[in-house]
Amino acid sequence: MSAKFGPAGNCESFSRAHKSSLAAPQWIADFGLDCYEYQCGQGVRVKKETAVKLGENARAAGISLSLHAPYFINPANPNLDSIMKNNGYVLTSCALADWMGAGRVVVHTGALMGRSRREALDIAKRGMQGLLSVIDTAGLGHIALCPETMGKINQLGDLDEVLELCTLDERLVPCIDFGHLYARSLGTDDGRSAFCRMLDRVAEVLGPHRASTFHSHFSHIEFTPGGGEKCHRTFDDNGGYGPDWAPLAAEIARRGWSPTFICESAGTQAEDALTMKQTYEALL
């Protein structure tokens with residue numbers, strides 16, 4: 001059992017050499033990584049034949065796939081028109097994931113929209129149950145949805161909120177974005193004790209087995225004091241951006257957990273994912 005590491009989308013060094021994402025799986029494997037998160041943040045615009053070919057290439061290269069659904073999904077919006085749109089976005093994302101052979105689809109948890117956090121979370125829970133029903137009806141219930149912790153303070157999606165969503169169904173896998181949690185805590189969710197607290201909380205709510213295979217995004221984040229997340233940074237950026245990867249890697253290695261870490265650095269996501277993997281392997 002060991003963690004997996006890979007990039008979110010295509011890094012700059014890949015894009016300089018290749019025009020098509022079909023080449024990404026073999027490139028990622030040759031780079032020394034294990035997984036690849038296909039990005040559909042701006043919408044699902046991939047033909048079935050392309051998705052199937054990408055999946056074939058990933059299986060041949062030994063690369064596991066996940067997919068990020070459109071950013072504008074908001075399960076915390078109770079408006080009927082928005083619910084129908086969310087259902088459609090998630091359904092097309094899961095169909096694409098199925099064609100690719102991707103087992104996990106990351107979804108945003110929603111916006112507060114002027115409501116209390118409790119009100120927004122209760123609406124999001126109903127919305128998430130509705131999304132599960134939609135994909136079940138379509139025969140896509142084998143695809144796991146991964147509600148993501150969010151980086152802006154006025155968004156739904158702190159760690160406890162995401163974990164509460166995941167108690168609805170075992171197919172809901174938390175996507176713990178440690179950069180986002182760092183940003184929304186204004187830099188306090190960092191270091192060994194903070195990571196221990198967060199991982200202990202995941203195990204307490206979901207049980208040790210589900211906790212050990214969580215999905216994750218990681219990058220350094222710049223934040224603003226009033227709002228949280230401002231932008232993603234790279235490991236080489238100066239300015240003291242966090243969170244620190246080494247203590248999190250040490251804690252994952254100590255527990256023997258096997259999460260999937262998708263690096264979201266700004267343009268160097270493959271290079272930084274490899275640094276993460278090498279640090280982690282040195283600690284095993």
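Ala, Val, Leu, Ile, Met, Phe, Trp, Tyr, Cys and Pro count here as nonpolar, Asp, Glu, Lys and Arg as charged, and the others, Gly among them, as polar. With these classes, the residues that line the second largest cavity of this predicted model divide into seven nonpolar, two polar and no charged. They are Pro7, Gly9, Asn10, Cys11, Phe14, Ala24, Trp27, Ile28 and Tyr36, and helix H2 (residues 24-31) gives the most to this lining, with three residues.

The structure holds two cavities of 30 Å³ or more. The largest cavity is lined by Asn74, Pro75, Asn77, Ile83, Asn86, Asn87, Gly127 and Leu131, and the elements that give two or more residues to that lining are helix H4 (80-100) and helix H5 (117-137). Of the elements, H4 gives the most, with three residues.

| Cavity | Volume | Lining by class |
|---|---|---|
| Largest cavity | about 40 Å³ | three nonpolar, five polar, no charged |
| Second largest cavity | about 30 Å³ | seven nonpolar, two polar, no charged |

A separate feature is the packing of two helices. Helix H8 (residues 192-206) and helix H10 (residues 245-255) pack at an angle of about 45°, with their axes 9 Å apart, and H8 and H10 are therefore oblique to each other. The crossing in which H8 passes H10 is right-handed. On the H8 side the contact is made by Arg192, Phe195, Cys196, Leu199 and Asp200, which meet Pro247, Leu248, Ala250, Glu251, Ile252, Arg254 and Arg255 in H10. By class, this contact of H8 with H10 has seven nonpolar, no polar and five charged residues.

How values were computed:
Residues are numbered from 1 along each chain as its sequence is written. This is a predicted model: local features need pLDDT of at least 70, side-chain atom pairs count only at pLDDT 80 or more; totals for chains, interfaces and linings use all residues. Side-chain values use heavy atoms; hydrogens and water are left out. Axes are lines fitted to C-alpha atoms, for helices over the stretch in contact, and angles run from 0 to 180 degrees between N-to-C directions. Helices (H or I, at least four residues) and strands (E, at least two) are DSSP runs, numbered from the N terminus. Angles under 35 degrees count as roughly parallel, over 145 as roughly antiparallel, 65 to 115 as roughly perpendicular and the rest as oblique. A crossing is left-handed if the near helix is turned anticlockwise from the far one by less than a right angle, and right-handed if clockwise. Contact means heavy atoms within 4.5 Å. On a 1 Å grid over the protein atoms alone, a cavity is a set of points where a 1.4 Å probe fits but cannot get out, and a pocket is an open set with protein on both sides within 12 Å along at least five of seven lines; lining residues have an atom within 4 Å of a point. Grid points are joined across faces, edges and corners, and a volume is the space filled by probe spheres set on the points.
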